[in-house]
Amino acid sequence: MSDVIAGHEQNPAALLEQVFGQVAADEMRGLPFYRDHIPLRACGFQLFEQQWIGALLTPWMLSLVVLPGPQQSWQCRAVGERLMLALPCGGISFTVSEIAGCGQYLSRSLMSPLDTSLSAERALQLAEQSARMALSLPVMDADAPADPRRRALFNKVSQIKNQHA
């Protein structure tokens, strides 16, 4: 294994589907948590800060996935190491993962195993929405105090005033 992970020049969705499709056929099919009706799809992959990010749906799990982008190189890390990434939606902890044919990538499990009642259509919607939400800006109440402790203080003052009225 080299000390550097080369970036993917093209969108890695098709590669992920191919590699995980092989894992599904060789290792996962037949396991009790494998859901035959769930498709294997790499959803919503796009470049964000020069890294590919999207959601990977398999018949056994749903994860956010990050891979190095065009002309990027990542330092090789220990599989299982955790990294916190600052995404528009907030900080998310990812785990260094590795798979033959794709190399190292970062993953964050969103659902593993998949809920038994999840339909194929709903699973695909969930994967697409998860990829989109990871890169969505958080919505904040513009009128809310910046410090939640301050809000609690104002509520306490209001309660005291109401008790003495």
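This is a predicted model: local features need pLDDT of at least 70, side-chain atom pairs count only at pLDDT 80 or more; totals for chains, interfaces and linings use all residues.
Local features require pLDDT of at least 70 and side-chain atom pairs pLDDT 80 or more, whereas totals for chains, interfaces and linings use all residues. Residues are numbered from 1 along each chain as its sequence is written, and side-chain values use heavy atoms, with hydrogens and water left out.

With ring centres 6.3 Å apart and planes at 75°, Phe 20 and Tyr 105 form an edge-to-face pair. Because Phe 20 belongs to helix H1 (residues 13-28) and Tyr 105 to strand E8 (residues 103-111), this pair ties together parts 85 residues apart in sequence; helices (H or I, at least four residues) and strands (E, at least two) are DSSP runs numbered from the N terminus. Phe 20 and Tyr 105 are both buried (under 20% relative accessible area; exposed is over 50%, partly exposed in between, with a 1.4 Å probe and protein chains only).

Tyr 34 and Trp 60 are stacked, since their ring centres lie 6.1 Å apart and their planes meet at 25°. Both residues are buried.

The peptide bond from Ser 112 to Pro 113 is cis, with omega near -5°, and Pro 113 sits in the loop between E8 and helix H2 (120-134). Glu 49, in the loop between E2 and E3, has a positive phi near 50° without being a glycine, and is exposed at 60% relative accessibility.

How values were computed:
Rings of Phe, Tyr and Trp (its six-membered ring) pair if their centres lie within 6.5 Å; planes under 30 degrees apart count as stacked, over 60 as edge-to-face and the rest as tilted.
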